[in-house]
Amino acid sequence: MEILLCISIALAAGLAMSRLMKVLGLPAVTGYLISGILVGPFCLGALGINGLGFVSLEAVEGLGIISDVALGFIAFAIGNEFRLSELKHIGKQALVIGIFQAVFTTLLVDAVLIGIHFIIGDKLPLSTAIILGAIASATAPAATLMVVRQYKAKGKLTDLLLPVVALDDAVGLIVFSVSFGIARAMTTSQIDVVSIAVEPLVEIVGSLLLGFVMGLVFSFAERFFHSNSKRLSLAVTAVILTVALSQIQFEVLGVHVHFSTLLVCMMLATVFCNICDFSPEIMDRTDKWTYPLFILFFVLSGAELDLSILSDIVVIGIGVVYILSRSLGKYFGASLSAKMTNCDGSI
(Lines give C-alpha, C1' and ligand atoms only; values in the text may rest on other atoms or scores of the structure.)
Protein backbone atom coordinates (compact mmCIF):
# COMPACT_ATOMS: atom_id res chain seq x y z
CA MET A 1 0.00 0.00 0.00
CA GLU A 2 2.82 2.41 0.88
CA ILE A 3 4.40 1.94 -2.55
CA LEU A 4 1.10 2.68 -4.30
CA LEU A 5 0.62 5.76 -2.11
CA CYS A 6 4.10 7.01 -3.01
CA ILE A 7 3.47 6.48 -6.72
CA SER A 8 0.09 8.24 -6.60
CA ILE A 9 1.53 11.15 -4.59
CA ALA A 10 4.45 11.41 -7.02
CA LEU A 11 2.05 11.60 -9.98
CA ALA A 12 -0.24 14.08 -8.22
CA ALA A 13 2.69 16.29 -7.19
CA GLY A 14 4.09 16.24 -10.72
CA LEU A 15 0.76 17.18 -12.29
CA ALA A 16 0.12 19.96 -9.76
CA MET A 17 3.58 21.44 -10.20
CA SER A 18 3.25 21.34 -13.99
CA ARG A 19 0.28 23.74 -13.70
CA LEU A 20 2.44 26.16 -11.75
CA MET A 21 5.20 25.89 -14.35
CA LYS A 22 2.68 26.75 -17.07
CA VAL A 23 1.82 29.99 -15.24
CA LEU A 24 5.54 30.78 -14.92
CA GLY A 25 6.18 29.98 -18.58
CA LEU A 26 8.54 27.08 -17.82
CA PRO A 27 8.53 23.54 -19.26
CA ALA A 28 6.49 20.94 -17.37
CA VAL A 29 9.65 18.85 -16.99
CA THR A 30 11.00 21.48 -14.60
CA GLY A 31 7.89 21.07 -12.46
CA TYR A 32 8.22 17.29 -12.39
CA LEU A 33 11.82 17.53 -11.15
CA ILE A 34 10.92 20.11 -8.49
CA SER A 35 7.98 18.01 -7.29
CA GLY A 36 10.36 15.07 -7.01
CA ILE A 37 12.59 17.09 -4.71
CA LEU A 38 9.57 18.11 -2.62
CA VAL A 39 8.28 14.55 -2.08
CA GLY A 40 11.82 13.21 -1.79
CA PRO A 41 13.66 12.06 1.36
CA PHE A 42 15.04 15.54 2.10
CA CYS A 43 11.68 17.38 2.17
CA LEU A 44 8.35 15.68 2.85
CA GLY A 45 10.09 12.34 3.19
CA ALA A 46 12.17 13.74 6.04
CA LEU A 47 8.99 13.76 8.17
CA GLY A 48 9.20 9.97 8.23
CA ILE A 49 5.54 9.44 7.40
CA ASN A 50 5.26 6.45 5.08
CA GLY A 51 3.09 7.21 2.08
CA LEU A 52 3.40 10.99 2.37
CA GLY A 53 6.69 10.98 0.51
CA PHE A 54 9.80 8.92 -0.07
CA VAL A 55 11.31 8.45 3.40
CA SER A 56 14.74 7.38 2.09
CA LEU A 57 16.85 7.20 -1.05
CA GLU A 58 16.44 3.41 -0.86
CA ALA A 59 12.68 3.87 -1.21
CA VAL A 60 13.25 5.88 -4.40
CA GLU A 61 15.73 3.36 -5.78
CA GLY A 62 13.20 0.62 -5.05
CA LEU A 63 11.09 2.03 -7.89
CA GLY A 64 14.03 1.93 -10.28
CA ILE A 65 12.20 -0.50 -12.53
CA ILE A 66 9.76 2.30 -13.40
CA SER A 67 12.64 4.54 -14.45
CA ASP A 68 14.18 1.73 -16.52
CA VAL A 69 10.94 1.06 -18.39
CA ALA A 70 10.24 4.79 -18.87
CA LEU A 71 13.75 5.29 -20.27
CA GLY A 72 13.10 2.46 -22.71
CA PHE A 73 9.93 4.11 -24.00
CA ILE A 74 11.69 7.48 -24.22
CA ALA A 75 14.42 5.92 -26.36
CA PHE A 76 11.74 4.12 -28.38
CA ALA A 77 10.08 7.46 -29.14
CA ILE A 78 13.37 9.08 -30.17
CA GLY A 79 14.24 6.15 -32.43
CA ASN A 80 11.10 6.95 -34.40
CA GLU A 81 12.89 10.08 -35.64
CA PHE A 82 15.48 8.01 -37.52
CA ARG A 83 13.52 7.51 -40.70
CA LEU A 84 15.82 6.93 -43.65
CA SER A 85 13.81 9.25 -45.87
CA GLU A 86 14.59 12.14 -43.50
CA LEU A 87 18.14 11.12 -42.58
CA LYS A 88 19.16 11.40 -46.22
CA HIS A 89 18.80 15.17 -45.87
CA ILE A 90 20.11 15.76 -42.34
CA GLY A 91 22.27 12.69 -41.62
CA LYS A 92 25.62 14.35 -42.25
CA GLN A 93 24.72 17.47 -40.28
CA ALA A 94 23.40 15.45 -37.33
CA LEU A 95 26.55 13.31 -37.27
CA VAL A 96 28.97 16.25 -37.32
CA ILE A 97 27.01 18.32 -34.77
CA GLY A 98 26.42 15.32 -32.50
CA ILE A 99 30.12 14.45 -32.29
CA PHE A 100 31.59 17.96 -32.33
CA GLN A 101 29.43 19.53 -29.61
CA ALA A 102 29.95 16.55 -27.28
CA VAL A 103 33.74 16.52 -27.64
CA PHE A 104 33.99 20.32 -27.53
CA THR A 105 31.98 20.43 -24.30
CA THR A 106 34.14 17.76 -22.68
CA LEU A 107 37.37 19.56 -23.56
CA LEU A 108 36.08 22.92 -22.32
CA VAL A 109 34.74 21.55 -19.01
CA ASP A 110 37.93 19.53 -18.53
CA ALA A 111 40.05 22.66 -19.04
CA VAL A 112 37.97 24.72 -16.58
CA LEU A 113 37.80 22.05 -13.87
CA ILE A 114 41.48 21.16 -14.18
CA GLY A 115 42.23 24.85 -13.72
CA ILE A 116 40.09 24.85 -10.57
CA HIS A 117 41.96 21.75 -9.35
CA PHE A 118 45.25 23.65 -9.39
CA ILE A 119 43.59 26.41 -7.32
CA ILE A 120 41.78 24.40 -4.64
CA GLY A 121 43.78 21.16 -4.74
CA ASP A 122 42.28 17.97 -3.26
CA LYS A 123 38.81 19.51 -2.92
CA LEU A 124 38.53 18.64 -6.61
CA PRO A 125 40.89 15.77 -7.50
CA LEU A 126 42.29 15.74 -11.02
CA SER A 127 40.70 12.35 -11.77
CA THR A 128 37.29 13.65 -10.67
CA ALA A 129 37.66 16.73 -12.88
CA ILE A 130 38.33 14.53 -15.91
CA ILE A 131 35.33 12.28 -15.22
CA LEU A 132 33.04 15.29 -14.72
CA GLY A 133 34.20 16.62 -18.08
CA ALA A 134 33.19 13.35 -19.72
CA ILE A 135 29.76 13.40 -18.08
CA ALA A 136 29.25 16.92 -19.45
CA SER A 137 29.22 15.54 -23.00
CA ALA A 138 25.94 13.67 -22.48
CA THR A 139 22.60 15.31 -23.20
CA ALA A 140 19.43 13.96 -21.56
CA PRO A 141 17.19 12.73 -24.40
CA ALA A 142 14.23 12.42 -22.02
CA ALA A 143 14.03 16.09 -21.12
CA THR A 144 14.57 17.17 -24.73
CA LEU A 145 11.83 14.90 -26.01
CA MET A 146 9.36 16.03 -23.34
CA VAL A 147 9.92 19.73 -24.04
CA VAL A 148 9.57 19.21 -27.79
CA ARG A 149 6.30 17.37 -27.29
CA GLN A 150 4.89 19.82 -24.77
CA TYR A 151 5.27 22.71 -27.18
CA LYS A 152 4.43 20.55 -30.23
CA ALA A 153 7.57 21.89 -31.87
CA LYS A 154 8.03 21.06 -35.54
CA GLY A 155 10.45 22.35 -38.13
CA LYS A 156 14.04 22.15 -39.31
CA LEU A 157 15.53 22.59 -35.85
CA THR A 158 13.39 19.89 -34.24
CA ASP A 159 14.05 17.47 -37.12
CA LEU A 160 17.78 17.83 -36.53
CA LEU A 161 17.70 18.11 -32.74
CA LEU A 162 16.39 14.66 -31.84
CA PRO A 163 18.87 12.70 -34.03
CA VAL A 164 21.69 14.81 -32.55
CA VAL A 165 20.53 14.00 -29.02
CA ALA A 166 20.37 10.31 -29.91
CA LEU A 167 23.88 10.29 -31.43
CA ASP A 168 25.08 12.20 -28.39
CA ASP A 169 24.44 9.13 -26.25
CA ALA A 170 26.81 6.94 -28.29
CA VAL A 171 29.51 9.63 -28.28
CA GLY A 172 29.05 10.08 -24.54
CA LEU A 173 29.65 6.37 -23.94
CA ILE A 174 32.99 6.50 -25.74
CA VAL A 175 34.09 9.78 -24.17
CA PHE A 176 33.19 8.60 -20.67
CA SER A 177 34.94 5.24 -21.08
CA VAL A 178 38.14 6.87 -22.30
CA SER A 179 38.05 9.55 -19.59
CA PHE A 180 37.27 7.01 -16.87
CA GLY A 181 40.18 4.87 -18.04
CA ILE A 182 42.53 7.87 -17.91
CA ALA A 183 41.26 8.84 -14.45
CA ARG A 184 41.73 5.29 -13.16
CA ALA A 185 45.23 5.15 -14.63
CA MET A 186 46.08 8.30 -12.65
CA THR A 187 45.08 6.65 -9.37
CA THR A 188 46.36 3.10 -10.01
CA SER A 189 49.21 3.82 -12.47
CA GLN A 190 47.81 1.09 -14.73
CA ILE A 191 46.30 1.57 -18.18
CA ASP A 192 43.53 -0.87 -19.09
CA VAL A 193 43.27 -0.79 -22.88
CA VAL A 194 40.31 -3.18 -22.89
CA SER A 195 38.10 -0.95 -20.73
CA ILE A 196 39.21 2.24 -22.51
CA ALA A 197 39.00 1.20 -26.16
CA VAL A 198 37.36 -2.21 -26.56
CA GLU A 199 34.45 -2.30 -24.10
CA PRO A 200 32.77 0.96 -25.18
CA LEU A 201 32.86 -0.12 -28.83
CA VAL A 202 31.51 -3.55 -27.90
CA GLU A 203 28.72 -1.89 -25.91
CA ILE A 204 27.70 0.37 -28.81
CA VAL A 205 27.91 -2.30 -31.52
CA GLY A 206 26.27 -4.93 -29.31
CA SER A 207 23.45 -2.55 -28.37
CA LEU A 208 22.75 -1.69 -32.00
CA LEU A 209 22.78 -5.36 -33.01
CA LEU A 210 20.43 -6.35 -30.19
CA GLY A 211 18.08 -3.49 -31.05
CA PHE A 212 18.20 -4.43 -34.74
CA VAL A 213 17.26 -8.04 -34.05
CA MET A 214 14.46 -7.04 -31.67
CA GLY A 215 13.20 -4.53 -34.24
CA LEU A 216 12.95 -7.27 -36.88
CA VAL A 217 11.15 -9.60 -34.49
CA PHE A 218 8.77 -6.85 -33.38
CA SER A 219 7.96 -5.76 -36.94
CA PHE A 220 7.33 -9.37 -37.99
CA ALA A 221 5.08 -10.10 -34.99
CA GLU A 222 3.00 -6.94 -35.49
CA ARG A 223 1.69 -8.26 -38.81
CA PHE A 224 -0.17 -11.09 -37.04
CA PHE A 225 -2.40 -8.59 -35.17
CA HIS A 226 -4.90 -6.23 -36.75
CA SER A 227 -6.75 -4.49 -33.93
CA ASN A 228 -5.22 -1.28 -32.59
CA SER A 229 -5.43 -2.46 -28.97
CA LYS A 230 -3.49 -5.66 -29.64
CA ARG A 231 -0.87 -3.88 -31.71
CA LEU A 232 -0.40 -1.37 -28.89
CA SER A 233 -0.12 -4.23 -26.38
CA LEU A 234 2.52 -5.89 -28.55
CA ALA A 235 4.47 -2.63 -28.81
CA VAL A 236 4.48 -2.26 -25.02
CA THR A 237 5.56 -5.89 -24.68
CA ALA A 238 8.38 -5.44 -27.18
CA VAL A 239 9.80 -2.38 -25.40
CA ILE A 240 9.63 -3.97 -21.93
CA LEU A 241 11.23 -7.18 -23.24
CA THR A 242 13.95 -5.16 -24.96
CA VAL A 243 14.65 -3.22 -21.76
CA ALA A 244 14.96 -6.52 -19.88
CA LEU A 245 17.35 -8.02 -22.46
CA SER A 246 19.46 -4.84 -22.48
CA GLN A 247 20.28 -5.38 -18.80
CA ILE A 248 22.02 -8.70 -19.44
CA GLN A 249 25.76 -8.65 -18.64
CA PHE A 250 28.46 -11.26 -19.26
CA GLU A 251 32.15 -11.65 -20.06
CA VAL A 252 33.79 -12.93 -23.24
CA LEU A 253 37.58 -13.42 -23.34
CA GLY A 254 38.08 -10.93 -20.52
CA VAL A 255 35.83 -8.31 -22.13
CA HIS A 256 32.88 -7.21 -20.01
CA VAL A 257 29.86 -7.12 -22.33
CA HIS A 258 26.84 -5.01 -21.42
CA PHE A 259 24.28 -2.98 -23.33
CA SER A 260 22.92 0.56 -23.38
CA THR A 261 19.15 0.58 -22.86
CA LEU A 262 18.92 3.88 -24.73
CA LEU A 263 20.73 2.64 -27.83
CA VAL A 264 18.97 -0.73 -27.89
CA CYS A 265 15.48 0.77 -27.69
CA MET A 266 16.37 3.52 -30.18
CA MET A 267 17.46 0.90 -32.70
CA LEU A 268 14.31 -1.14 -31.97
CA ALA A 269 12.16 1.84 -32.98
CA THR A 270 14.41 2.78 -35.90
CA VAL A 271 14.02 -0.64 -37.51
CA PHE A 272 10.29 -0.73 -36.79
CA CYS A 273 9.54 2.73 -38.21
CA ASN A 274 11.50 2.03 -41.40
CA ILE A 275 10.08 -1.38 -42.34
CA CYS A 276 6.54 -1.31 -40.92
CA ASP A 277 4.04 0.68 -42.99
CA PHE A 278 1.65 1.33 -40.08
CA SER A 279 4.35 2.36 -37.58
CA PRO A 280 3.22 6.04 -37.28
CA GLU A 281 -0.16 4.98 -35.89
CA ILE A 282 1.40 2.57 -33.37
CA MET A 283 4.01 5.12 -32.26
CA ASP A 284 1.32 7.74 -31.74
CA ARG A 285 -0.76 5.42 -29.56
CA THR A 286 2.30 4.31 -27.58
CA ASP A 287 3.22 7.94 -26.85
CA LYS A 288 -0.20 8.64 -25.33
CA TRP A 289 -0.11 5.50 -23.18
CA THR A 290 3.32 6.20 -21.71
CA TYR A 291 2.93 9.82 -20.59
CA PRO A 292 2.25 8.94 -16.89
CA LEU A 293 5.42 6.82 -16.98
CA PHE A 294 7.41 9.83 -18.15
CA ILE A 295 6.04 11.96 -15.33
CA LEU A 296 7.08 9.33 -12.79
CA PHE A 297 10.51 9.11 -14.42
CA PHE A 298 11.22 12.80 -13.81
CA VAL A 299 9.64 12.92 -10.36
CA LEU A 300 11.81 9.99 -9.28
CA SER A 301 14.85 11.67 -10.82
CA GLY A 302 14.18 14.76 -8.72
CA ALA A 303 13.64 12.66 -5.59
CA GLU A 304 17.06 11.06 -6.06
CA LEU A 305 18.84 14.40 -5.65
CA ASP A 306 20.90 14.26 -2.45
CA LEU A 307 20.48 17.76 -1.03
CA SER A 308 22.99 17.07 1.75
CA ILE A 309 25.85 17.72 -0.66
CA LEU A 310 24.80 21.38 -0.82
CA SER A 311 26.06 21.90 2.75
CA ASP A 312 29.58 22.43 1.36
CA ILE A 313 30.02 25.88 -0.20
CA VAL A 314 32.95 24.63 -2.28
CA VAL A 315 30.76 21.96 -3.88
CA ILE A 316 28.16 24.61 -4.72
CA GLY A 317 30.84 26.79 -6.31
CA ILE A 318 32.17 23.90 -8.38
CA GLY A 319 28.62 23.06 -9.41
CA VAL A 320 27.93 26.60 -10.61
CA VAL A 321 31.16 26.70 -12.63
CA TYR A 322 30.42 23.25 -14.02
CA ILE A 323 26.92 24.23 -15.19
CA LEU A 324 28.14 27.46 -16.78
CA SER A 325 31.11 25.89 -18.58
CA ARG A 326 29.01 22.97 -19.79
CA SER A 327 26.31 25.34 -21.10
CA LEU A 328 28.93 27.38 -22.95
CA GLY A 329 30.45 24.20 -24.37
CA LYS A 330 27.11 22.96 -25.68
CA TYR A 331 26.15 26.39 -27.00
CA PHE A 332 29.34 27.14 -28.92
CA GLY A 333 29.96 23.51 -29.87
CA ALA A 334 26.53 23.23 -31.50
CA SER A 335 26.71 26.70 -33.04
CA LEU A 336 30.17 26.24 -34.59
CA SER A 337 29.43 22.76 -35.96
CA ALA A 338 26.08 23.94 -37.38
CA LYS A 339 27.90 26.69 -39.25
CA MET A 340 30.55 24.21 -40.43
CA THR A 341 27.85 22.04 -42.01
CA ASN A 342 26.02 25.01 -43.56
CA CYS A 343 22.84 24.50 -41.55
CA ASP A 344 19.82 26.75 -42.01
CA GLY A 345 19.92 30.05 -40.13
CA SER A 346 17.12 29.00 -37.76
CA ILE A 347 19.22 26.00 -36.69
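## Close-up views of a predicted model

View 1. I309, L310, I313, V315, I316, V320 and L324 together make a nonpolar surface patch of about 620 Å². One of these residues, I313, belongs to helix 13, which covers residues 313-340. With a relative accessible area of 64%, I313 is exposed, because residues over 50% are counted in that class.

**View 2. Helix 13, its cap and its buried residues.** Helix 13 comprises 28 residues and reaches 40 Å from its first C-alpha to its last, which is close to the 40 Å expected at 1.5 Å a residue. At the N-terminal end of helix 13 the cap is D312, whose side chain places an oxygen 2.9 Å from the backbone nitrogen of V314. The buried residues of this helix are I318, Y322, S325, G329, K330, G333, S337 and A338, and they pack against helix 5 (84-120), helix 6 (126-135) and helix 8. After helix 13 comes N342, which has a positive phi near 55 degrees.

**View 3. The buried residue A136 and its contacts.** A136 sits in the loop between helix 6 and helix 7, and its relative accessible area of 0% makes it buried. When neighbours within four places in sequence are left aside, A136 is in contact with T105, V109, Y322, R326 and K330. For a sense of distance, the C-alpha atoms of A136 and F272 are 31 Å apart in space, while the two residues are 136 residues apart in sequence.

**View 4. The buried residue T106 in helix 5.** T106 is located in helix 5 and, with a relative accessible area of 5%, is buried. Apart from neighbours within four places in sequence, the residues in contact with T106 are G133, A134, S137 and V175.

**View 5. A salt bridge between K330 and D168.** The closest N and O atoms of K330 and D168 are 3.3 Å apart in this salt bridge. K330 lies in helix 13 and D168 in helix 8, so the pair ties together parts of the chain that are 162 residues apart in sequence. K330 is buried, with a relative accessible area of 14%, and D168 is likewise buried, at 1% relative accessibility.

**View 6. A salt bridge between R149 and D287.** The side chains of R149 and D287 meet in a salt bridge with an N to O distance of 2.9 Å. Since R149 lies in helix 7 and D287 in helix 12 (residues 279-303), the pair ties together parts that are 138 residues apart in sequence. R149 is partly exposed, with a relative accessible area of 26%, and D287 also counts as partly exposed, at 21% relative accessibility. The salt bridges in this model come to five in count.

**View 7. A salt bridge between D344 and K156.** D344 and K156 form a salt bridge in which the closest N and O atoms are 3.2 Å apart. This pair links distant parts of the chain, with D344 in the segment after helix 13 and K156 in helix 8, 188 residues apart. D344 is partly exposed, its relative accessible area being 35%, whereas K156 counts as exposed at 51% relative accessibility.

**View 8. Positive phi values at K152 and N342.** Most residues other than glycine have a negative phi. K152, which is not a glycine, has a positive phi near 50 degrees, and this residue is found in the loop between helix 7 (141-150) and helix 8 (156-188). K152 counts as exposed, at 68% relative accessibility. N342, again not a glycine, has a positive phi of about 55 degrees and is placed in the segment after helix 13. The relative accessible area of N342 is 66%, which means that this residue, too, is exposed.

Notes. Residues are numbered from 1 along each chain as its sequence is written. This is a predicted model: local features need pLDDT of at least 70, side-chain atom pairs count only at pLDDT 80 or more; totals for chains, interfaces and linings use all residues. Side-chain values use heavy atoms; hydrogens and water are left out. Patches are made of residues with over 30% relative accessible area and no salt bridge: like charges are joined within 9 Å, nonpolar side chains (Val, Leu, Ile, Met, Phe, Trp, Tyr) within 5 Å. Accessible areas come from the Shrake-Rupley method with a 1.4 Å probe; for residues, only the protein chains shown count as cover. A salt bridge is a side-chain nitrogen of Lys or Arg within 4 Å of a carboxyl oxygen of Asp or Glu. Helices (H or I, at least four residues) and strands (E, at least two) are DSSP runs, numbered from the N terminus. Buried means under 20% relative accessible area, exposed over 50%, partly exposed in between (1.4 Å probe, protein chains only). The expected span of a helix is 1.5 Å times one less than its number of residues. Contact means heavy atoms within 4.5 Å. A polar contact is a pair of N or O atoms within 3.5 Å; within protein, one must be able to donate a hydrogen and the other to accept it, and residues adjacent in sequence count only if both atoms are side-chain atoms.
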